[in-house]
Amino acid sequence: MLNRLYYVLTLFCWLLLTPTLGNAQEAITFTEGQVNDGQNIYRETCQICHGNRLSNGQFGTPLRGSFFRKNWAGKSLGELVQHTWEKMPPDNVKSLSWEQVTAVLSFILSRNELSASSAAMTTEMDTLNTILLPWK
Ligand code: HEC
């Protein structure tokens, strides 16, 4: 009798929660540490083309402001990670580790009105693919 009650209760909770879970979107998170690491990588490897203010580069497109945001709004963080790893820096593509790419992107996102928190940006592609960029 008690077993059946638990069963019914579990089923009830599941039905109640499933639609909410289905719609839930993972939030973008990254830590201050990732931003700092990313800033160092940026200065060494990206700044020469994208500029010290991320939007004043002579040889690279702006990585902050409306140009960048419009390009990426609604796309997944996974796509941005993949794109950056495959194409940047152009003379040495696929040279950055997944940790370095997520760090440098944490830095770039922090300059596009997203805030660091206590939760790190993951390097798991499956999860990154479920996280959508904002700025619609
Ligand atoms: C030799 C110059 C050069 C260097 C160095 C360079 N980039 Fe780029 N980057 C470009 C150019 C040119 C584009 C535009 C063409 C493209 O998207 O492939 C670009 C585009 C991008 C984009 C896509 C922007 C958009 O809105 O579509 C990202 C993200 C990016 N770079 C990140 C980086 C990062 C991170 C680094 C350092 C690890 C870096 N780049 C180093 C020249 C450079």
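Tutor: Start with a term: two residues are in contact if their C-beta atoms, placed from the backbone, lie within 7 Å. In the protein chain, among contacts between residues at least 6 apart in sequence, 72% join residues at least 24 apart.
Tutor: This is a predicted model, where local features need pLDDT of at least 70, side-chain atom pairs count only at pLDDT 80 or more, and totals for chains, interfaces and linings use all residues. Residues are numbered from 1 along each chain as its sequence is written.

Student: How many helices and strands does the protein chain have?
Tutor: Six helices and zero strands. Helices (H or I, at least four residues) and strands (E, at least two) are DSSP runs, numbered from the N terminus.

Student: What share of the residues is buried?
Tutor: Buried residues are 20% of the 136 in the protein chain. Buried means 20 or more other C-beta atoms within 10 Å of the residue's own; exposed means 12 or fewer; partly exposed is in between; C-beta atoms are placed from the backbone.

Student: Which residues are buried in helix H4?
Tutor: Leu77, Leu80, Val81 and Thr84 are buried in H4, which spans residues 77–87. They sit on the same side of H4, because they cover an arc of only 100° around the axis. That arc is taken from the directions from the helix axis to the C-beta atoms.

Student: Which exposed residues are on the face turned away from the buried side of H4?
Tutor: Glu86 and Lys87.

Student: And what covers the buried residues of H4?
Tutor: The cover includes helix H3 (66–72), helix H5 (98–110) and helix H6 (125–128). Take Val81: leaving out residues up to four places away in sequence, Val81 touches Val101, Thr102, Leu105 and Leu128.

Student: New topic. Which residues come nearest the ligand?
Tutor: Cys46, Cys49, Gly60, Met88 and Pro89, out of 19 residues around the ligand. A residue is near a molecule or strand if its C-beta atom, placed from the backbone, lies within 6 Å of it. Helix H2 (32–50), H3 and H4 each give two or more residues to this shell.

Student: Which helix gives the largest share of that shell?
Tutor: H2, with five residues.
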